[in-house]
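Please read them with the structure open beside you.

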Amino acid sequence: MGLAEHTSRVVAQFDFSDEELNRHVDEFLKQANAGLKQDGTSLSQIPSYVTAVPNGTEKGIYLAVDLGGTNFRVCSVSLNGDSTFNLVYNKVAIPKNLMVAKTARDLFAFLAKQIELFLREHHRDHFESAAHRRSTMSFPEGYRDEQIFRLGFTFSFPVQQLGINKGKLIRWTKGFDIPDAVGKDVCKLLQDEIDRLGLPVKVAALVNDTVGTLMARSYTSAGKHRSLLGAIFGTGTNGAYIEKTASITKPIPGEYDKSTGEMVINTEWGSFDNELNVLPSTVWDQTLDRESVNPGIQMYEKRVSGMFLGEIVRLAINDMMKDDEASLFRDTNSSYNDWSTTTNVSPQSGLLSQWGLDTAVLSVAAADNTPELSTIRQELENTLQVYTPSLEDAQAFKAVAGAVVRRAARLAAVAIGAIVLQSGKLDDPEEELIDIGVDGSLVEHYPFFRDMIYEALRAIEGIGPSGANKIRIGIAKDGSGVGAALIALIAQKME
Ligand code: ADP
């Protein structure tokens, strides 16, 4: 069997037929509805307490901060009321010692200090007049209500949300470990430190980045068509959409505005199918899962998002490299033959180490349609240290990479299509357009990712070509900035 035939066999393992696509949509709908009825299901379906989405006419200046990993970002957003906004921000790396600080106060005092520095730099007038008033009175009495900035706090760690500005930290991830913060309300931790500095700031909303994406999209692009869904396809994947509160039959513990009859739900769809084994599973998916830090968890995310696609391709390519018959990357004149007589891949190549193949390389492969595939060959040589890859090598790499991402896009359509069906908006003659905002490097930069999603949407029963035509998927930028600001505004209206 030659390389081309071997490649076809590998590619075929990533086929995801229309029939499977439809079966997955049914299963997604089942799990989504189960998550609305009770906790502890595969899709968490977390109520966000956000009960309205913007329509572009919102106005005012709001603050937003984002604590998600290595950096802390503080920004102020001027919403101009015409779907546009102006945003200024400061970004600072979180000192390593604060990620594992003794007490939560150490970290949150640092965060509050950054907010103070930001206000001094960018809102000096406001800050000084407020500070002057404070010399006679203490916060919050020192400020008139309209002088107090409302702040949206994007906090990308697992929290149990108990209200629009209340949520208990469940556990730290991403290298943070401050035990005394666990179980506490993170908004209060931040507010207490802000108050200690006497800043004119109220933590108005606790924001999930996916909910922020939905808000940002709805403000900037929806116009009279409010957006239904915000979805992220970046390092991970997740989505948040508008659900009828009548359909959320599990208890919602905190207070919320009941007048709209709707609430944004954070699906946490990355964990779709954690236990049910309906997702497609090649040997490479299984190896990836087994060797991951969280086997058996986030199974949908492991087939869909940027962090994992490169690794699936790497594992498949690795097996092909080892197979004498496949004859991939076998140049007998290779300079690496002293290391291995069978392949012309450097021992240092990312192809040989876990996470060594960045998903960005798959975009390069997809974009190269030259007859000689010269860009891919260059990328293989420069980035992955493959010695003089042949045209056939590059064709094999492109085909496998394309197959893995195509399956990911079709799986992405499962979640998107299911949410569209769940909304019932396709059958509503009043709704001429269903708007969806997406964010993340994969959907932004991988060529034709959205087109592959559309192709799959057309094949979903109940959507079809006419339904797919009603769906508009557009990029939503900066959910943790403008999205968080918008949620702070919505929260202010509820005060
Ligand atoms: P995050 O989700 O962490 O906010 P991004 O949206 O930038 O950040 O997503 C980062 C992920 O996207 C990484 O897994 C990376 O491998 C992948 N990625 C980065 N650039 C590209 C690209 N050009 N094409 C496809 N995937 C990419």
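1. Helix 11 gives three residues to the shell around the ligand, which is the largest share. Please keep in mind throughout that this is a predicted model. At least two shell residues each come from helix 10 (306-322), helix 11 (359-367) and helix 14 (441-445).

2. The residues around the ligand are G234, T235, G306, M307, D358, T359, A360, S363, G440, S441 and H445. Sorted by class, this shell holds eight polar, two nonpolar and one charged residues.

3. For D358 it is a polar side-chain atom that lies 2.8 Å from a ligand oxygen atom. On its own the ligand has 570 Å² of accessible area, and the protein covers 63% of that area.

4. Turning to another site, T51 is found in the loop that runs between strand 1 (46-47) and strand 2 (59-67). Is T51 buried or exposed? Its relative accessibility is 3%, and because buried means under 20%, T51 counts as buried.

5. Which residues are in contact with T51, once its neighbours within four places in sequence are left aside? They are Y256, D257, T260, E262, M263 and M494. For T260, which is 209 residues from T51 along the chain, the C-alpha atoms of the two residues are separated by 6.4 Å.

Notes:
Residues are numbered from 1 along each chain as its sequence is written. This is a predicted model: local features need pLDDT of at least 70, side-chain atom pairs count only at pLDDT 80 or more; totals for chains, interfaces and linings use all residues. Side-chain values use heavy atoms; hydrogens and water are left out. A residue is near a molecule or strand if one of its heavy atoms lies within 4 Å of it. A polar contact is a pair of N or O atoms within 3.5 Å; within protein, one must be able to donate a hydrogen and the other to accept it, and residues adjacent in sequence count only if both atoms are side-chain atoms. Accessible areas come from the Shrake-Rupley method with a 1.4 Å probe; for residues, only the protein chains shown count as cover. Helices (H or I, at least four residues) and strands (E, at least two) are DSSP runs, numbered from the N terminus. Ala, Val, Leu, Ile, Met, Phe, Trp, Tyr, Cys and Pro count as nonpolar, Asp, Glu, Lys and Arg as charged, and the others, Gly among them, as polar. Buried means under 20% relative accessible area, exposed over 50%, partly exposed in between (1.4 Å probe, protein chains only). Contact means heavy atoms within 4.5 Å.
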